[in-house]
Amino acid sequence: MKNNIQYYSNSDFNRSVISRDITRSIQHTFSSFILYNKGSFLHDAQQNIYFDTIPQEFIDQVEYTCFLGKIKTTEIYGIDLSAFSKDTIEKLPKHHTFRLKEASFLSTEDAALLAYTQGLLIWNQRHTYCGACGSKTKRNQQGHSRKCPSCTNSIFPRIDPAVIVLIEYKRAHQTPLCLLNMHRLEGGYRCSLFSGFVEIGESLEDAAIREMQEEVDLKVHNIQYQASQPWPFPATIMIGLKAESKSLDFTVDNDEIKEARWFSPEELQQMVQDKKIIISKEGSISKFLIEAWLKEHL
Ligand SMILES: [Zn+2]
């Protein structure tokens with residue numbers, strides 16, 4: 001599938017993985033800092049998210065700093081301010097705070113960098129103790145792993161895979177149908193795809209088959225990979241799949257799924273134009289997959 005670069009991902013960003021193992025002191029002159037505090041990021045009066053000058057005491061606390069990569073020759077660091085006192089945070093240059101999922105002013109590149117920053121900082125926050133022996137762990141590889149000094153256990157960030165599936169029903173000599181999850185809104189619906197986490201011991205296909213059986217009681221087959229999207233809130237990757245159902249008879253689980261229905265591409269497009277339906281949330285892989293399906297068949 002072409003043009004499958006998803007929001008929150010940016011393969012052009014230089015993560016400079018090789019630099020993570022080089023121990024050095026952070027130089028203000030060659031660095032820029034992204035500041036994160038308890039679920040929010042900071043920007044200056046011009047909505048710039050890169051702070052070039054911050055008090056040295058923030059940089060000295062290396063336990064809360066992660067090396068993210070480079071933009072040209074500038075090293076980019078993320079700093080978790082959660083551990084600093086309110087008085088200390090007030091020493092920072094004048095700033096405002098915002099939540100990543102609510103920020104519409106960001107470029108796609110900056111949104112991807114902030115998603116990466118948030119995921120990595122939260123992972124460090126939540127792994128300060130060793131899962132094997134309970135001792136305090138130490139930041140390693142500039143924030144990309146942690147090490148337990150007592151039992152030498154090394155801990156690396158884990159990503160939770162989730163499948164998101166577009167279920168199709170193929171009709172002879174007509175366009176196919178697509179089953180959508182319907183959320184009631186005032187004056188209409190928002191539709192989306194079905195999704196669920198991959199469990200231990202499952203392939204992506206196994207997870208898609210089980211989840212579709214659980215949510216809408218359909219047996220799917222012919223599962224095809226479409227695209228993927230990082231969703232580090234805090235640690236998911238969404239794997240977009242397309243699957244076929246031989247039956248039209250579905251039953252919603254009435255737990256996660258309340259309403260669902262089959263659409264032809266023509267019908268879905270008409271309802272979107274009539275403002276009776278909104279296709280998924282902006283920037284989501286669900287929206288991308290449904291719109292790609294419409295484009296394919298109209
Ligand atoms: Zn340990």
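Predicted model: local features only at pLDDT ≥ 70, side-chain atom pairs only at ≥ 80, totals over all residues.
Student: What makes Y7 and Y8 an aromatic pair, and why is the pair called tilted?

Tutor: Rings of Phe, Tyr and Trp (its six-membered ring) pair if their centres lie within 6.5 Å; planes under 30 degrees apart are stacked, over 60 edge-to-face, and the rest tilted. Here the centres are 4.7 Å apart and the planes make 55 degrees, so we have a pair, and a tilted one. The structure holds 13 aromatic pairs, and ring pairs link Y7, Y8, W231 and F233 into a cluster.

Student: How do you know that K101 sits over the ring of F233?

Tutor: The rule wants NZ of Lys or CZ of Arg within 6 Å of the ring centre and within 35 degrees of the ring normal. The charged end of K101 is 4.6 Å from the centre of the F233 ring, and it counts as sitting over that ring. R261 lies over the face of F263 too, at 4.1 Å from the ring centre. And F233 has another feature: a cis peptide bond joins F233 and P234, with omega about 10 degrees.

Student: What makes C130, C133, C148 and C151 donors of the zinc ion?

Tutor: Donors are N, O and S atoms within 2.8 Å of the metal (3.2 Å for Na, K and Ca), and sites may look incomplete because water is not among the atoms. The SG atoms of these cysteines lie 2.3 to 2.4 Å from the zinc ion, so they qualify. Along the chain, the donors follow the spacing C-x2-C-x14-C-x2-C.

Student: And why is the zinc site called tetrahedral?

Tutor: Four donors count as tetrahedral if all angles lie between 85 and 135 degrees. The angles among the four donor atoms are 101 to 115 degrees, so the name holds. For comparison, the ideal angle for four tetrahedral donors is 109.5 degrees.

Student: How do you know that the disulfide count is zero?

Tutor: A disulfide is a pair of cysteine sulfur atoms within 2.5 Å, and by this rule the count comes to zero. Take C66: the closest cysteine sulfur, in C148, is 18 Å from its own sulfur, too far for a bond.

Student: Last one: what makes H173 exposed but Q142 buried?

Tutor: H173 has a relative accessible area of 85% and is exposed, whereas Q142 is buried at 11%. Q142 has a positive phi of about 55 degrees although it is not a glycine, and phi of H173 is near 55 degrees, again in a residue other than glycine.

How values were computed: Residues numbered from 1 in each chain as written. Heavy atoms only, no water. Tetrahedral: all angles 85-135°; square planar, octahedral: opposite > 155°, others 65-115°. Buried < 20%, exposed > 50% of the residue type's maximum accessible area, 1.4 Å probe, protein only.
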